[in-house]
Amino acid sequence: MSDPYSADGELALIHNAFHQGQYQNVVDWDSSSFSSEYTLPAHLLQLRARLALHQYDEVASEAKGKSQPDYAAAAIAAEYFKKPSESSPALAKAEKLAESQGENMNVEILCGTVLASAGKVDEALALLAKHQGSLDVVAVIVQIELSRNRLDLAKKAATAARKWAQDNLLVNIAESWIGMREGGEKYQAAYYVFEELAQAEATQSVQSLTSQAISELHLGRLQESEAAFEQAQGLDADNADVLANLIVLNTIAGKDVAEQKKALQKSNPNHQLLLDLAEKKSEFDKAAERWTPKVKA
Amino acid sequence: MSAPTMLTKFESKSSRAKGIAFHPKRPWILVALHSSTIQLWDYRMGTLIDRFEEHDGPVRGVDFHKSQPMFVSGGDDYKIKVWNYNTKRCIFTLTGHLDYVRTVFFHHELPWILSSSDDQTIRIWNWQNRTLICTMTGHNHYVMCAQFHPKDDLVVSASLDQSVRVWDISGLRKKHSAPTSMSFEDQMARANSSQADVFGNTDAIVKFVLEGHDRAVNWVAFHPTLPLIVSAGDDRLVKLWRMSETKAWEVDTCRGHFQNVDACLFHPHQDLIISVGEDKTIRVWDLNKRTSVQSFKENDRFWVIAAHPEINLFAAGHDNGVMVFKLERERPASAISQNGKLYYITKEKHVRSYDFTANSESPSMVSLKKLGSPWVPPRTISHNPSENAILVTSPADGGSYELVHLPKDASGAVEPTDTKRGPGTSAVFVQRNRFAVFNSGHLQIDIRDLQNSVTKTISCPSGTTDISFAGHGTLLLITASSVILYDIQQKKRLAELAVNGVKYVVWTSDFSHAALLSKHNVTIVTRHLQQISTLHETIRIKSATWDDTGVLLYSTLNHIKYTLMNGDNGIICTQEQTSYLVKVKGWNVYCLDRHAKPKVLRIDPTEYRFKLALVKRNYEEMLNIIKTSKLVGQSIISYVQKKGYPEIALQFVQDPQTRFELALECGNLEVAVEMAKTLDRQQLWERLGAEALAQGNHQIVEMAYQKQRSFDKLSFLYLATGDRDKLNRMTKIAEHRGDMQSLFQNTIYLGDVEKRIEMLKEADQYALAYLAAKSNGLDEEAASILEAAGIEEDQVKLPTLGEPIVAPKAVVPVFRINWPTKGTGTSAFEKVLMGEAGDEDFAPAETYGEDNVDEPERVGGLDDEDDEGDVEGWDMGEDVDAEAESDFVNVEASEAGAGSSEADLWARNSPIAADHVAAGSLETAMQLLNRQVGAVNFKPIQWRFEEIYTASRTFLPATPGLPPLVNYVRRTVDETNTRKVLPLIPRDLESIIATEVTAGKTQMRTNKLDEGLKSYRRVLQLLMVNAVATANELDDAKKLIHSAGQYTLAISIELERRKLVSNQADISSLSEDTRKRALELSAYFTMPEMEAPHVTLALYAAMNFAYKSKQLSSALSFANSLIERGTNAKFKENAKKIKTTCERNPSDALEVEFDQFAEFEVCAASYTPIYSGSPSATCPFDGTKYQAKYKGTVCKICEVAEIGAPASGIRLLG
């Protein structure tokens, strides 16, 4: 079987579009063109794009009544991400599905994502490790390893993938994620990958522009970074990731960020940046109590 | 074949240049322009020295006189003018030609000028008596050029009549060199000579007529030594002629110009002919073979060419100006090999080496005669010690390289065998068995092995012009506007720096630094192309070499100079001839001269070694230099002093006056006293007294006052120190001097009533004497006074008497010893001088101390790090490959568990509080701040913590559904070693200065003090949690902390005053206490250290406030300060007015606690003065002073640190 995702495979374009962050394009893709054996994987990509666009109800209704485990996984993901919580009933379902259908790629990706976001990282990795040469899964593994600061394992996964997937876009992207952790010359390398995506009309997306801007920020090119963020905001003014990173950028530049914080609060009150800051605030208050002047004025 | 580019040294833009002349000695050329101007240029500096504008119409010919300060010109106004270039005037004009004058030349020894003209004549003039001495006729069309023979009595001329004529002028010389010795018979004989021309003129006769050009001949010239003539004509040919005593004939023709050839000449030293023409080319021909050697195509039609008589320089005039150029590079190709020897190519194109240890030159090893063109010297050489091979490049024929194996034993200039060659612009060895060849045409670098086969190809960025080896598998690519460090293995750019026109790159031997030389700049960069410094020279920089200690020596056209890495530079010596430096060793500079001969110059490196030692604080070295070098000039002293080391400068100086000044500057009273004694001048004692007083050394103060015979001050000093014996003596002295006032003063100080009464009686002040006696209860004495005055007691009406004043008694006999002073300390340098310096007695000790402070929380960190270093292995590069091979599907989870984040590393890697904040480790950050600056109240800097933390991480969106990937923003962008990465800290020093400090100053000036207070406090808080990159920045940051503290204090005082008086200017309605306090605050406002304009503001406010409140004495003193120190003319004007008013009645309505002469600081909590010596406490962060009772409270200025808390000092540098 030829690889449907390879450069000349039928799914190559929609797959690339998904990983370039062009989710709406994927949702709107004309799926009639796919031969019957690819209808399912293509539809699943569309469902995953909907998940990325937070269209959980649509996913649930489209997945309803379908027998394949892929759809079951999509339904679970929709249920979980609609209301993420450690007590979500979706978690148990995901674990169960992972056990019975662990060989299914979409189950690996979707349930793995659910488990990882619920903090069950080891379970997620165990599930993902079952994959049979899926780059999408490798990307998820790389991200999970990076988020738990295992740069070594992330690199291992990416290097292995590079051996059989060569110059696939997703490999490049995953390597760029790693590069952003490694720094030094890798920042520049990551920048080239992101910039190539972000500055070509066909592949541009909020995600690629944001990624480019972040790599520039790490390279210390603040003005260029700001320009890229502005470009991203031109596509989606309220994007939480863009706002969060803009807050970082403007803080570095010594600008006032109060307005942007408000906007982020509105767009996504649970954004990592806000959570981190709140945590540090309470940590600060607690730590500051330890010191008092000898004499109160 | 692509045309080689010319080695142009100078170009000027003007209208068409028709005549050119080089000055024989100075770097000058004269340019005669079609526009009627004659320009005098300094082609070395590229400056126009003068313009001479008296000709009417185009000027065609010019020539310098060999020894006199004059030149001659001829033009279309038929005139020949002789000028003095010193006085810049035309001395006289020779008229006689009847048409355009084409060329003018001086004779090499006789006072003659030769001119050619369109009137078909050639004329010879005597410029001493300004007469025409000979007219040569014969040409029957315009004469375009006529020149004297350099030795013989011959003239050669070229004409539009297609002929070249050679004239014999020996008759003219005879007639004019010995006119008196010529007998009448001789003259008759000459006159009747059959060779007389048609006018009967025998002075100049045609010797040969050379016919061969079949169009007009434009130019002709004699060979400097051989009997040869070269001519150029409109038939596009350059013809070579030969002559003997009796005949002349055409030798050969040089063909190649495709337009009129307008000028030609013989190369002064080499067997070459150079011609220029309207086909816009300069062509060089081989004199012996008459074949073309080189041809330079330019953009303008050429009209004239001239050669410098001595140096390898030519000038060509064209439609748009003049260009001065070299025909060949003088820079000898040379390279220092890794085996320590110099390899270079001589002018004969022989390869030789030079051994620096033996100071000996090897015999020629091979001859490179066959390389490139015979007339073009090789450009570069690169030596490979392991193969004993050289790689040579030549620019000829579009550039080529040749790999030559050197013979084992040098046996002379043999032809090399088994060479490898190919086309290329430049070529260098990059490894033992690889070399890189750059081809500018294809913008490509080939890496070749020693068999000359390509192993790798690299394409260069466009604009690359040259490459240079940059150590260990890297190359430096040079473009017109940048240099790029390129990794050959990885085929990628490592770094890039924008720097214009780099021509040569000189690396230190360990490749840690490089000097990039361009025409006029030296840029020093690190291995990673970080620019360290750059310097500009007005004249051309020729070469450079590094001293082992990191000092760069470089040569310009006429100097050898040095520069330290920090850009501090100076001249080592001047030299007449340019030399190309290759190495410095001790006092020897090795160089190659213009003729590629190795030379050793002795230099004196004392100056730069000293500066270097100063920069590195290597005091022992400095001392050593001072001890061993004889000459330490005034410049070094002022240099050291300027750099802020007066105590070091002091060690050099002998001159007592300077020693005194320096001693005062560094507070060394001992030396100052010694010098003051030597010089014994009033003024010096006065200044010494002031300094000693400031230091509290009252014994020296006493001496200074004694020397000044300043009795009042002495008495007061004794009073202050409680030295009654001395006071008694002062009384005696006063008596002796008959100074009643002084006596009175001393008796008061002593509380000696009897003496006072006696003195008053003596001064016939019986009333006062009586009063004194009465008030002190000396009734008997009182009675006797009355008696003496002849007055009854009831006649005296006494005021109410209070308690008699009792003179204070000394509690502690402080006069015996000096007041305890803070040790001015012996500088590290002085310690060395005294020989007490231990090995580690210096500055580092301090740093150790700080490290200890940080120890506790680092210990834990270190352990962790070690564990992970082994177990987790961040440097897993190789392992990854090995395991990945096995099975891609199963990424082993053997080493499960989460890792530690980069933020954790930051905290481990740095002792800087800001880095801990960025790492999110707030508690350790607070611990650090508490230890370093005594911080206890963190609330006010919470915003700063949040800012730093926010700036430390970005959120990269990745897989949908998973939280974004957190990445950590580094300030060490290029660093990948996890033990060295550090976070970016927002708001660096530069941005603080640009934003808050600027705002603060503006707010200060525009009287927005509330905001100003906020700005300066913000500066303090920003700096408290921050990081800097260099020691210099650290100094600046510390200075800024101090100054922001002072501003905050000043503004607080003023705001307090405004609050007190509710912002009113008129305070007469307020209570006396309030008024007094307001006046004090207004005075204190002038005390903190601020910039002059702000002190001016404070003084102005205080002056006006005092004046309005009838404090005329205070107002006067502020007015005086304002006049003396103020920066605002209008304020000064007002101050002068107030001064005049106040001087009439200088008294204060209220007594306020402000003594402008006293040394005090203002407490930042109570706003009361803290006199020097009285107890106080200090904020460990900003250094603000407080009354002792505030110790332990939070500083009012920074609002964070605890006053008087123990602290190790702020740490901003890792």
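Modeller: Gladly! Contact here means heavy atoms within 4.5 Å. Please keep in mind that this is a predicted model. Let's start with helix H9 (residues 135-147) of chain A and helix H11 (residues 169-182) of chain A, whose axes cross at roughly 5 degrees and come within 9 Å. Angles under 35 degrees count as roughly parallel, so H9(A) is roughly parallel to H11(A). On the H9(A) side, the residues in contact are Leu135(A), Asp136(A), Ala139(A), Val142(A), Gln143(A), Leu146(A) and Ser147(A). Facing them from H11(A) are Leu170(A), Val171(A), Ala174(A), Trp177(A), Ile178(A) and Arg181(A). Taken by type, the residues of this contact between H9(A) and H11(A) are nine nonpolar, two polar and two charged.

For context, here is the second pair, also in chain A. Helix H15 (residues 240-252) of chain A packs with helix H16 (residues 258-267) of chain A at an angle of about 160 degrees, and their axes are 9 Å apart. That angle makes H15(A) roughly antiparallel to H16(A), and their crossing is left-handed. H15(A) brings Ala240(A), Leu243(A), Ala244(A), Leu246(A), Ile247(A) and Asn250(A) to the contact. These meet Gln260(A), Lys261(A), Ala263(A), Leu264(A) and Ser267(A) of H16(A). Here the residues of the contact between H15(A) and H16(A) divide into seven nonpolar, three polar and one charged.

Methods
Residues numbered from 1 in each chain as written. Chains lettered and ligands numbered in written order. Predicted model: local features only at pLDDT ≥ 70, side-chain atom pairs only at ≥ 80, totals over all residues. Heavy atoms only, no water. Axes fitted to C-alpha atoms, helices over the stretch in contact; angles between N-to-C directions. Helix = DSSP H or I, 4+ residues; strand = E, 2+ residues; numbered from the N terminus. Parallel < 35°, antiparallel > 145°, perpendicular 65-115°, else oblique. Left-handed = near helix turned anticlockwise from the far one by under 90°. Nonpolar A, V, L, I, M, F, W, Y, C, P; charged D, E, K, R; others polar.
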